[in-house]
Amino acid sequence: MAIAVFFVAAAIAVAGAIGVVTFRQPIRSVLSLVVVMIGLSILFLLLSAQFLFVAQIIVYAGAVMVLFLFVIALLGPAREIARSRLRFQTWLSALFVLALLGLIWAMLQGIQYRTPDKADLSIFGTVQSIGIGLFTTYLYPFELTSILLLVAAIGAIYLSRKKVDDL
Amino acid sequence: MSGLSIGGSQLDTSWFLVLSAILFTIGTVGVLIRRNPLVILICIELMLNAVNLTLIAFSRQLLNLEGQLFALMSITVAAAEAVVGLAILVDIFRVRDVEDIDELSELKG
């Protein structure tokens, strides 16, 4: 059963990813990315990461993708022209990407798996265990992300404000 | 020692890693061949998601929660990156229309 779920979710994710790259209209790329997010979130659930499953759906498929859709609606859905200024760019990219895939593949062959830590699978990845980790051992990085989000929000407001004062 | 017993069936961690590698590579293709700056940002999000899958797969393999916490941080950073990147794009588009990212070459980088 879990194997079937894995392959269906993986097929959804890969199909969505190919859609992201091949669709000519940006709005279709964004909607394909939502499909990828949903496929990946199913895999997160399979890997007993319940909290990240919910976070993926709400934060990514919900908030970030809606932000992308808003910006595309704001800027107008321009169709992309398939020409390129650099010659052979597609072939060079294909070569580079094949090399990258080969490199990652070679790296995956060399992985040596350590024996797992002792952990209770019934509480692994629940909201409670994530919260305990986040607010005890990793409190400092957690607080730093709040500063990061604040800086990002201020930066976005600064960049997109109306420039009434032409100094 | 890479088998994962999930719901009575036997999966393997390497399946998740291979899927993640494929998604990351597709994202790289998108960044390299697409011309629209918005689509390039979308492809970067795809690559970040592929890496998150690796982190969570290893977290489950080692039964160590730190991978999931790191993936959570990475989701936060990706959200911040999307916000700032889109704000910069909106600012550029206000001055002129950019159909091709190669048009933005004033800095001669």
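What share of the contacts in chain B between residues at least 6 apart in sequence join residues at least 24 apart? That share is 43%, where a contact means that two C-beta atoms, placed from the backbone, lie within 7 Å.

1. Some ground rules: this is a predicted model, where local features need pLDDT of at least 70, side-chain atom pairs count only at pLDDT 80 or more, and totals for chains, interfaces and linings use all residues. Residues are numbered from 1 along each chain as its sequence is written, while chains are lettered from A and ligands numbered from 1 in the order in which they are written.

2. Chain B runs β-β-α-α-α from the N terminus on; helices (H or I, at least four residues) and strands (E, at least two) are DSSP runs, numbered from the N terminus. Its radius of gyration (over C-alpha atoms) is 18 Å, well over the 13 Å from the globule rule (2.2 Å times the number of residues to the power 0.38) for 109 residues, so chain B is more spread out than a compact globule. The C-alpha trace spans about 55 × 25 × 25 Å along its principal axes.

3. Now the partner: 63 residues of chain B are in contact with 72 residues of chain A. On chain B's side, α3(B) gives the most, with 20 residues.

4. Over in chain A, the domain assignment (automatic or from a database) gives domain 1 (1–80) and domain 2 (123–161). Their centres, taken over C-alpha atoms, are 22 Å apart. Four residues of domain 1 of chain A are in contact with five of domain 2 of chain A.
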